[in-house]
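Take a look at the chain below.

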Amino acid sequence: MADGKFRFPAVELGPEATELRREVRAFLAEELRTGGFKPIADSWTAGMSPEFSRKLGARGWLGMMWPKKYGGHERTALDRYVVTEELLTAGAPVAMHWIADRQSGPLLLRFGTEKQREEILPRIARGECYFAIGMSEPDSGSDLASLRTAAKKVDGGWVVNGRKIWSSGAHLCHYMITLVRTAPKEDGGRHDGLSQFLIDLKSPGVSIRPIKNIAGDSHFNETVFDEVSVPDEMVVGKIGDGWRQVVSELAYERSGPERFLSTFVVMREGLREIGADADARSDEAFGRLAARLKTLRRMSLGVGSLLQQGQSPVTEAALVKDIGTRYEREVLEEMRRLLPARPLGQSPDPYGSVLRDGILYVPSATIRGGTNEVLKGIVARELGLR
Ligand SMILES: Cc1cc2nc3c(=O)[nH]c(=O)nc-3n(C[C@H](O)[C@H](O)[C@H](O)COP(=O)(O)OP(=O)(O)OC[C@H]3O[C@@H](n4cnc5c(N)ncnc54)[C@H](O)[C@@H]3O)c2cc1C
């Protein structure tokens, strides 16, 4: 790594964080005891439970860093990190509110109007309002700026036509932050002329069609916009500034502990399963996985602290996601090597069940939110290699 190119400041978690962690653990233990949830791998994309999200909202664990006047709790990024870490390592069903709490809320806080903030942020913080990401299109994924969904200016607003694809959870969400072209490419560079709209998914002309994933779940969708009216007050930030805003959103999207903890429950249940049969080989494997986990956590915490300072560490976040998602897949491979005889079907035992989830859901981790090849390209550019 080039000297000084990447910043991962060391972060100390103090006694308040320890106390908060204790509270979250006690809550999760009680939820598990009373059947409030069943741990799953990749719970931040696969575990959709509005009821559980509302419980977290009631405890003040959503919108944690936002100002109180918008329903937030004015806590630190590290407090939020601790809560997130505990929820993920427990395999708790946090997918419903995940995008709204992680990136759409912070985006509105930064670029939204006062009205958008006042109306929407308190609902997100209560765990009652959910968001989908409207970036990818059938012919625009990695090359996002080539997108074709377009908006035409009319009196008092815009009319949107186009198609978004792979919109996670859109069938259950209230809004989609949608990246659209508001000026033709020839008017500027390819990143100019893009804007972000806050689209109410109940608007006339919006249709959402589920796409089944390999697990047979309807996790993501195709979302079609047919002459959808979007009032001016639903523009997010400035018209034409969409690219800059999306890039700042990606640092939130790529750096969190969900980029390396999606398979933690598989490792934990595997460790339980091995129990007294542990030997030198399993000790070595778990030791190696734990050491890498520690490094990733250190990097991710560092990015979190830069975000807290208002910086936009896009390259560092890309590194965390690239290394973290490859690690998640290695956890699965390692567990299958250590405990090779597990069936893949729905299994009544906790290990078999989380292993199945992991095998079916986690391969997409190196694609969603930007493919690993594209992330490596971002890092290479920063190093001056491209
Ligand atoms: C589970 C899941 C959930 C998702 N949820 C959402 C969502 O909620 N909202 C949303 O907008 N999108 C979502 N996506 C879409 C995701 O962001 C895209 O799939 C991703 O950005 C890749 O785009 P693509 O599928 O069009 O592949 P392509 O961009 O066509 O890429 C195909 C292959 O070419 C490689 N490639 C492309 N460009 C380059 C390059 N410049 N250098 C090197 N290699 C390159 C890629 O790495 C990949 O291997 C989701 C995807 C998945 C799998």
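Arg 209 has Glu 222 in β7 as its bridge partner. The two strands here are β6 (residues 206-211) and β7, which pair in the antiparallel sense over six bridges. Two strands pair if DSSP finds at least two bridges between them. Strands (E, at least two residues) and helices (H or I, at least four residues) are DSSP runs, numbered from the N terminus.

This is a predicted model: local features need pLDDT of at least 70, side-chain atom pairs count only at pLDDT 80 or more, and totals for chains, interfaces and linings use all residues. Residues are numbered from 1 along each chain as its sequence is written, and side-chain values use heavy atoms, with hydrogens and water left out.

**Strands around β3**

Strand β7 (residues 220-231) also joins β3. Eight bridges link the two, and they run antiparallel. Arg 163 stands opposite Val 224 in β7. Trp 158 has Val 230 in β7 as its bridge partner.

Trp 158, in β3, is also the bridge partner of Lys 153. That pairing belongs to β2 (residues 150-154) and β3, joined by five bridges in antiparallel fashion. The hairpin of β2 and β3 has two residues between the strands. There, Gly 156 takes a positive phi near 80 degrees.

In a regular strand, side chains alternate between the two faces of the sheet.

Trp 166 is not a glycine either, and its phi is near 65 degrees. Trp 166 sits in the loop between β3 (157-165) and β4 (175-181).

**Two arginines**

Is Arg 181 buried or exposed? Arg 181 lies in strand β4. At 9% relative accessibility, it counts as buried. Buried means under 20% relative accessible area, exposed over 50%, and partly exposed in between (1.4 Å probe, protein chains only). The side chain of Arg 181 reaches the backbone oxygen of Asp 192 at 3.1 Å. A polar atom of that side chain lies 3.0 Å from the backbone oxygen of Ala 183.

Arg 381 is in helix α12 (residues 372-382). At 48% relative accessibility, Arg 381 counts as partly exposed. Its C-alpha atom is separated by 9.3 Å from that of Thr 315, 66 residues apart along the chain.

**The ligand**

How many residues surround the ligand? The count is 16, and the closest are Ser 136, Ser 142, Trp 166, Thr 371 and Glu 373. Trp 166 counts as partly exposed, at 45% relative accessibility. The shell divides into six nonpolar, eight polar and two charged residues.

| Residue | Protein atom | Ligand atom | Distance |
|---|---|---|---|
| Ile 133 | backbone N or O | nitrogen | 2.9 Å |
| Met 135 | polar backbone atom | oxygen | 3.0 Å |
| Ser 142 | side-chain N or O | oxygen | 2.5 Å |

Taken alone, the ligand exposes 970 Å², and the protein buries 64% of that. These areas come from the Shrake-Rupley method with a 1.4 Å probe.

Why does the ligand lie between domain 2 (133-240) and domain 3 (244-382)? Both domains give residues to the shell around the ligand, so it lies between them. The domain bounds come from an automatic or database domain assignment.

Definitions and conventions: A residue is near a molecule or strand if one of its heavy atoms lies within 4 Å of it. A polar contact is a pair of N or O atoms within 3.5 Å; within protein, one must be able to donate a hydrogen and the other to accept it, and residues adjacent in sequence count only if both atoms are side-chain atoms. Ala, Val, Leu, Ile, Met, Phe, Trp, Tyr, Cys and Pro count as nonpolar, Asp, Glu, Lys and Arg as charged, and the others, Gly among them, as polar.
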